[in-house]
Amino acid sequence: MKTIKYINTFAIILPFLIALAYFKYGIDAIIVSLYSTMITGFIQVVLGIILFINNPRNKFILAYLIAVILFFALWYFNVSIYYANFMTNFLIPIPLILAIYLSVIIYRRKQL
């Protein structure tokens, strides 16, 4: 469980660490930092799957995975099938909310 906490902490801190390079590399560091949020999301989805495999009866982890699947399904629907600007505006903050939710699950649970 400690390893999962450390990996999650690294995933969350990664974009901020890269953004600190702004003072040396300028705006390019910020752009790379924004791209690294995709790495953070990937790491967190993998951690969510690992947590689900280790504890499939945990309803909070199941809710997280369902929310991730629903997010990607809605995003695909919005991009490929029917574009709606309001849906894009609705979907933009969802990854941040999912990252916070998984972090709360990881750091609040004593034994997963």
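1. I would begin with Ile27, which counts as exposed because its relative accessibility is 53%, and the cut-off for that class is over 50%. This residue sits in helix α3. Please keep in mind throughout that the model is predicted, and that the values discussed here are therefore to be read as properties of a predicted model.

2. Ile27 also belongs to a nonpolar surface patch of about 1,300 Å², whose members include Phe16, Leu17, Tyr22, Phe23, Ile31, Met38 and Tyr107. Which helices supply at least two residues each to the nonpolar patch? They are α1, covering residues 2–19, α2, covering residues 22–25, and α3, covering residues 27–54.

3. Ile31, another member of the patch, lies in helix α3 as well. With a relative accessible area of 39%, Ile31 is classed as partly exposed, because that class takes in values between the limit for buried, under 20%, and the limit for exposed, over 50%. Its C-alpha atom is 31 Å from that of Ala63, a residue 32 positions away in sequence.

4. Turning to the overall fold, the protein chain has 6 helices and 0 strands, and the order along the sequence reads α-α-α-α-α-α. The C-alpha trace spans about 45 × 40 × 15 Å along its principal axes. Of the 112 residues in the protein chain, 30% are buried.

5. Helix α6, which covers residues 94–108, comes within 10 Å of helix α4, residues 59–81, when the two axes are compared, and the axes cross at roughly 165 degrees. The two helices, α4 and α6, are therefore roughly antiparallel, since angles over 145 degrees fall in that class. The crossing of this pair, α4 and α6, is left-handed.

6. Helix α6 also packs with α1, at an angle of about 150 degrees and with the axes 10 Å apart. That makes α1 roughly antiparallel to α6, and the crossing of α1 and α6 is left-handed.

7. How are α3 and α6 oriented to each other, parallel or oblique? Their axes are 11 Å apart and the packing angle is about 40 degrees, so α3 and α6 are oblique to each other, given that the limit for roughly parallel is under 35 degrees. Here too the crossing is described as left-handed, with α3 passing α6.

8. Within helix α6 I would look at Ile105, which is buried because its relative accessible area is 5%, and buried means under 20%.

9. Finally, Thr9 is placed in helix α1 and, at 29% relative accessibility, counts as partly exposed. Thr9 and Tyr107 are 98 residues apart in sequence, yet their C-alpha atoms are 9.8 Å apart in space.

How values were computed: Residues numbered from 1 in each chain as written. Predicted model: local features only at pLDDT ≥ 70, side-chain atom pairs only at ≥ 80, totals over all residues. Heavy atoms only, no water. Patch = residues over 30% accessible without salt bridge, like charges linked within 9 Å, V, L, I, M, F, W, Y side chains within 5 Å. Areas by Shrake-Rupley, 256 points an atom, 1.4 Å probe, with all protein chains shown as cover. Salt bridge = Lys/Arg side-chain N within 4 Å of Asp/Glu carboxyl O. Helix = DSSP H or I, 4+ residues; strand = E, 2+ residues; numbered from the N terminus. Buried < 20%, exposed > 50% of the residue type's maximum accessible area, 1.4 Å probe, protein only. Axes fitted to C-alpha atoms, helices over the stretch in contact; angles between N-to-C directions. Parallel < 35°, antiparallel > 145°, perpendicular 65-115°, else oblique. Left-handed = near helix turned anticlockwise from the far one by under 90°.
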